[in-house]
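Please look over the sequence and the model first, and then follow the points below.

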Amino acid sequence: FGRCDVVNNDGTGKYNIYSGDGYFDDENFKIRHAQYCLSMKNSDEPNTNASQFYIMTADDAEFLDGKNVVFGYIANKASQELIDDLEEEGCSLTGKPKVKAVISKCGILKKK
């Protein structure tokens with residue numbers, strides 16, 4: 001699914017949430033990649049995260065375990081179906097989604 005970042009909104013921007021620029025270290029690799037996970041993309045080297053992320057839509061993503069850091073999942077079926085609908089719209093040859101999507105409300109769900 002499309003690439004994104006918090007600087008340029010196109011997968012090219014870098015922003016260190018700890019210092020404001022450059023890369024930051026991998027947090028951990030405890031959570032495994034699975035369909036609908038949210039994962040932080042690095043530059044194919046350890047400790048090169050730069051606030052670039054993606055939503056995994058493939059069923060099998062084990063090849064990314066130990067490489068990119070998973071930090072969450074799309075929580076409910078309605079949101080997963082929305083991701084599927086967006087993916088069906090497709091991307092340009094450069095990887096830019098054909099339909100604009102904005103995440104406007106997000107957060108951490110509290111355990112009951």
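Is asparagine 68 buried or exposed? In this predicted model, asparagine 68 has a relative accessible area of 5%, and it is therefore classed as buried, since the cut-off for that class is under 20%. The points that follow place this residue and several others within the fold.

**Overall architecture**
- The protein chain contains four strands and one helix.
- Read from the N terminus, these elements follow the order β-β-β-β-α.
- Of the 112 residues in the protein chain, 31% are buried.

**Asparagine 68 and its contact**
- Asparagine 68 belongs to the loop that connects strand E3 (52–55) with strand E4 (69–73).
- A polar contact of 3.1 Å joins the side chain of asparagine 68 to the side chain of tyrosine 54.

**Serine 39 in strand E2**
- Strand E2 covers residues 37–41 and includes serine 39.
- The relative accessible area of serine 39 is 0%, so this residue is buried.
- A polar atom of the serine 39 side chain lies 3.3 Å from the backbone oxygen of valine 69.

**Tyrosine 36 in a loop**
- Tyrosine 36 is located in the loop between strand E1 (4–5) and strand E2.
- The phi angle of tyrosine 36 is positive, near 70°, in a residue other than glycine.
- Tyrosine 36 counts as buried because its relative accessibility is 10%, and the buried class requires a value under 20%.

**Tyrosine 73 in strand E4**
- Tyrosine 73 forms part of strand E4.
- With a relative accessibility of 40%, tyrosine 73 is partly exposed; this class lies between the buried limit of under 20% and the exposed limit of over 50%.
- Between tyrosine 73 and methionine 56 there are 9.1 Å in space, taken from C-alpha to C-alpha, and the two are 17 residues apart in sequence.

- Helix H1 spans residues 77–89, and aspartate 85 is found in it.
- Aspartate 85 has a relative accessible area of 46% and is therefore partly exposed.
- Aspartate 85 also takes part in a surface patch of negative charge, together with Glu81, Glu87, Glu88 and Glu89.

Notes:
Residues numbered from 1 in each chain as written. Predicted model: local features only at pLDDT ≥ 70, side-chain atom pairs only at ≥ 80, totals over all residues. Heavy atoms only, no water. Patch = residues over 30% accessible without salt bridge, like charges linked within 9 Å, V, L, I, M, F, W, Y side chains within 5 Å. Areas by Shrake-Rupley, 256 points an atom, 1.4 Å probe, with all protein chains shown as cover. Salt bridge = Lys/Arg side-chain N within 4 Å of Asp/Glu carboxyl O. Lys, Arg positive; Asp, Glu negative; His and termini not counted. Charge placed at Lys NZ, Arg CZ, Asp CG, Glu CD. Helix = DSSP H or I, 4+ residues; strand = E, 2+ residues; numbered from the N terminus. Buried < 20%, exposed > 50% of the residue type's maximum accessible area, 1.4 Å probe, protein only. Polar contact = N/O pair within 3.5 Å; in protein donor to acceptor, adjacent residues only side chain to side chain.
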